[in-house]
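Subject: Two-chain model for your review

Dear colleague,

Please find below the structure that I am handing over to you.

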Amino acid sequence: MKYGALVFLSAFLALAASWGGLILAPQIQVGRGQQETNAVNSAELYPQARPGLARQGLSVYRANGCADCHTQQVRQTGSQCDVVLVDAGTNAEALAEALMKANVGISKASAAGLAVGLPKPILRRVPANLAKSTVSAIQSVGAKGKVEIVALGPDIARSWGPRRNVAADYLFDDPVLLGSQRIGPDLANVGLRLPDPTWHLRHLYEPRSEVKGSLMPPYRFLFERRKTGPHPSSEALQLSGKLAPPAGWEIVPRPEALALVAYLRSLRSDTPLFEAPMSSSAPAQTNAPAR
Amino acid sequence: MTASESTASSPVAPVSDADSLNASCRWPLLVLFISAAGWAVLASFFQLIASIKFHSPDFLADSPWTTYGRVHDAAGSALLYGFGIQAGLGIALRICTGTATLPAARQWIVTFGATLWNLGVLVGIVGILGGDNTGYENLQLPHYAAMLLFVGYLLAGVTIVFTLHGRRQPCLSSPQWFVLAAMFWFAWIFTTATWLLLLSTVRGVEQSVIDWWYSGNLTVVWLGLVGLGTGLYFLEESRDAAGTRDYRPLFVFWTLILFGSWTGIPSGAPVPVWMPTLSMIATLALAVPLLTIAVTVYGGQPGLRGNSNSRAGSRFIQFALAAWVAATALKVISALPEAASRIDFTWFMTAQAELNTYGFYAMMMFGGIYWIVPQVTGMEWPLRKAVGVHFWLAAAGVLLIVLPLAIGGVAQGMKLNHASIPFIDVTAATLPYLRVSTMGDVLIFIGHLLFLSNLLAVTVRVVRAWGMPRYRSVMMEPSAGEVEP
């Protein structure tokens with residue numbers, strides 16, 4: 001290693017390889033993402049860009065470093081299937097026999113009550129192939145059944161989201177703020193979980209009034225404290241106790257606060273995708289493919 | 001340690017010669033080091049504010065300029081760009097200059113580059129506090145600051161590389177490979193990240209991929225190259241029998257740049273799975289340079305550590321090498337899929353990053369500066385005891401941050417994986433650990449104040465002595481050694 005040129009060359013080759021592998025290749029694969037009719041149960045295009053106010057809210061979220069404490073990426077350890085009996089058909093005995101033959105742990109006693117309260121799940125958290133064979137056994141005797149896919153993992157169990165996040169979920173965000181630390185809860189689906197805008201506004205104003213023991217700092221600078229004029233603002237926060245402003249005063253969210261709340265409410269990734277299947281609560285037109 | 005001792009024990013050149021040569025880069029170095037120390041003070045001050053918010057969330061919460069997200073990012077950027085890279089540039093300049101003389105024109109170019117760099121950091125930190133944070137981890141400085149940083153870096157970096165042409169030995173020494181590669185490395189990764197994230201932004205999650213790639217290259221490769229280069233420089237100069245052929249630095253160099261540059265993508269990221277998998281394999285492969293360094297430093301060659309204890313800054317450098325071994329070991333362990341799923345998104349990752357950036361890199365920079373400044377100014381440290389105190393403050397500070405956060409992070413990860421434990425309880429359980437780490441932030445802050453005072457004091461002395469014709473003649477002429485300022 002006598003010469004500078006050799007050092008330069010080896011550094012160049014090493015860095016060029018990594019640049020090609022982790023900048024160029026991902027750009028070709030995910031950087032050229034487009035809207036696709038990728039959703040499992042409908043023909044709608046996914047993803048959709050956020051509405052304008054929510055996009056302004058994203059920049060409030062970025063400017064205040066919200067991503068320092070909140071991730072926006074739900075993870076999943078795997079998935080399993082539920083089998084739902086939709087219609088017991090006309091021959092209850094044959095159905096019971098078929099299910100017992102399919103050997104899915106349904107006893108004669110429980111098989112008797114199968115037709116009551118449909119549709120109902122008859123198998124929970126089973127592997128995909130067992131679920132499929134059970135459904136075909138059900139269909140073979142003229143009854144109807146379907147497979148529902150359930151995502152698994154601690155994030156899902158905390159109801160932080162119905163499925164894992166995938167690259168497509170972030171296509172129109174600029175910047176993409178995935179976050180790397182969970183000092184606060186994951187927000188990938190906060191709009192799904194907490195749709196109430198007044199809750200968000202009160203929570204931003206004084207987090208501990210809504211969540212006991214929260215570590216979140218208050219964001220009172222997103223609100224304006226002003227004298228109640230002849231026409232009190234309809235947007236003024238309804239606060240009680242120590243937080244309530246003195247008589248004749250009101251606390252009104254500034255545009256930034258409204259934008260931020262619009263952004264938070266727009267955070268939801270609950271469209272079933274082929275690469276991240278889940279069962280939507282909407283009535284299914286086709287069965288989601290079990291993978 | 002006096003000036004004459006420090007230069008006399010250096011094997012490279014006769015005392016007199018070394019003195020006049022060393023003196024040639026003292027002004028750019030003082031500028032770089034003092035501004036770096038200033039940013040270190042500011043960074044730890046911001047970090048302290050951020051840390052106090054875990055004791056009382058209402059602390060300084062009513063102004064947007066001091067909200068947690070902004071202060072925390074300002075602290076990180078000030079430490080990384082203001083202190084880290086700037087100090088690294090200074091040490092790279094010293095290592096590349098070696099026994100050559102730095103022409104006056106180049107001194108000015110480096111100083112001008114450093115000024116632009118500092119302006120960039122300043123504008124960027126104000127931008128972050130004012131709400132112009134880019135949102136990309138490790139690249140939070142807004143685009144207008146990035147421009148200044150880029151030009152400043154090019155001026156300083158290119159000049160540093162060109163000083164290698166003036167060298168007297170035909171061979172590059174191993175520390176010179178490290179810093180030469182690092183100079184090139186940062187130019188490339190910073191251009192890529194700035195261009196594709198801030199100027200003509202790519203779409204979707206590719207932004208995160210680029211940011212992860214940049215972060216990995218910056219924290220593993222760049223900090224690794226400059227930090228280990230400084231360590232090697234120190235070890236080589238303190239070894240009495242120089243000139244023995246040793247291929248281990250070369251091996252560490254190649255494995256570090258080969259594997260380190262692929263390590264960025266976190267496991268479980270919402271991207272196609274081949275990317276995190278590649279990064280996982282590359283991170284596991286970091287075990288190779290890790291073991292090599294561990295064997296080199298701790299593997300029964302007493303000469304490497306033996307006679308270096310008397311030098312100012314040597315304790316910093318030994319601490320830093322140990323911290324690099326520990327931080328890299330933690331990184332390798334946390335890349336194992338079993339571990340990754342338990343510690344992702346927890347304070348453990350913060351602890352690992354802190355051990356790498358502060359325990360390893362910043363400590364190495366302190367050690368290097370404490371050692372180099374007496375060489376180039378010909379003066380010992382005015383606040384001599386403060387050097388030792390700074391070491392203990394910094395070492396205790398890092399440990400008080402890293403240990404609680406690592407332990408707390410593992411506990412937090414275990415709880416996060418049990419969905420039956422409410423999230424608010426998971427957070428509450430991390431609080432005691434966070435509050436202990438505030439102590440560490442306080443110690444580090446005091447340490448930085450001592451560091452800055454020492455540098456300012458030495459500069460005052462240099463400026464005074466500069467006015468003295470006697471000193472000037474001494475620095476220019478061969479009979480230098482014995483002068484006490």
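The notes below go through the model, each chain, the contact between the chains and the nonpolar core.

This is a predicted model, in which local features need pLDDT of at least 70 and side-chain atom pairs count only at pLDDT 80 or more, while totals for chains, interfaces and linings use all residues. Residues are numbered from 1 along each chain as its sequence is written, and chains are lettered from A and ligands numbered from 1 in the order in which they are written.

Confidence

The predictor assigns the complex an ipTM of 0.89 and a pTM of 0.91. Mean pLDDT (the predictor's confidence in each residue, from 0 to 100) is 86 for chain A, where 91% of residues reach 70 or more.

For chain B the mean pLDDT is 87, and 87% of the residues reach 70 or more. Helix α1 (residues 3-8) of chain B has the lowest mean among the elements of that chain, 38, whereas α10(B) has the highest, 96. Over residues 303-307 of chain B the pLDDT is below 50, with seven contacts beyond near neighbours in sequence. Residues 478-485 of chain B also stay under 50, and the model has 15 contacts for them beyond four places in sequence. Where pLDDT is low, the predicted coordinates should not be read in detail.

Chain A

Chain A has 10 helices and five strands; helices (H or I, at least four residues) and strands (E, at least two) are DSSP runs, numbered from the N terminus. The radius of gyration of chain A, taken over C-alpha atoms, is 26 Å, well over the 19 Å that the globule rule gives for 291 residues, so the chain is more spread out than a compact globule. That rule is 2.2 Å times the number of residues to the power 0.38. The C-alpha trace of chain A spans about 80 × 75 × 35 Å along its principal axes.

Chain A is divided into domain 1 (52-74 + 182-266) and domain 2 (78-152), with bounds from an automatic or database domain assignment. The C-alpha centres of these two domains are 46 Å apart.

Of the 291 residues of chain A, 42% count as buried. A residue is buried if 20 or more other C-beta atoms lie within 10 Å of its own, exposed if 12 or fewer, and partly exposed in between, with C-beta atoms placed from the backbone. In helix α8 (residues 197-205) of chain A, the buried residues are His200(A), Leu201(A), His203(A), Leu204(A) and Tyr205(A). Their cover includes α9 (207-210), β4 (223-227), β5 (249-253) and α10 (255-266) of chain A.

Chain B

Chain B has 18 helices and zero strands, and 57% of its 485 residues count as buried. Among its contacts between residues at least 6 apart in sequence, 83% join residues at least 24 apart.

His55(B) is placed in the loop between α3 (26-52) and α4 of chain B. It counts as exposed because it has 11 C-beta neighbours inside 10 Å. Leaving aside residues up to four places away in sequence, His55(B) touches Arg435(B) and Thr438(B).

Contact between the chains

In the model, 66 residues of chain B are in contact with 58 residues of chain A. On the chain B side, α4 (68-97), α7 (174-199), α8 (206-238), α9 (248-260), α10 (274-285) and α17 (423-467) each supply at least two residues. The most come from α7(B), with seven. The residues of this side divide into 39 nonpolar, 19 polar and eight charged. Here Ala, Val, Leu, Ile, Met, Phe, Trp, Tyr, Cys and Pro count as nonpolar, Asp, Glu, Lys and Arg as charged, and the others, Gly among them, as polar.

Nonpolar core

A nonpolar core is a set of buried Ala, Val, Leu, Ile, Met, Phe, Trp, Tyr and Cys residues joined through C-beta atoms within 7 Å. Of the 224 residues in the largest one, Phe33(B), Ala78(B), Ala92(B), Ala182(B) and Leu225(B) touch the most other members. Helix α15 (residues 347-377) of chain B gives the most to this core, with 20 residues.

Yours sincerely

Definitions and conventions: Contact = placed C-beta atoms within 7 Å.
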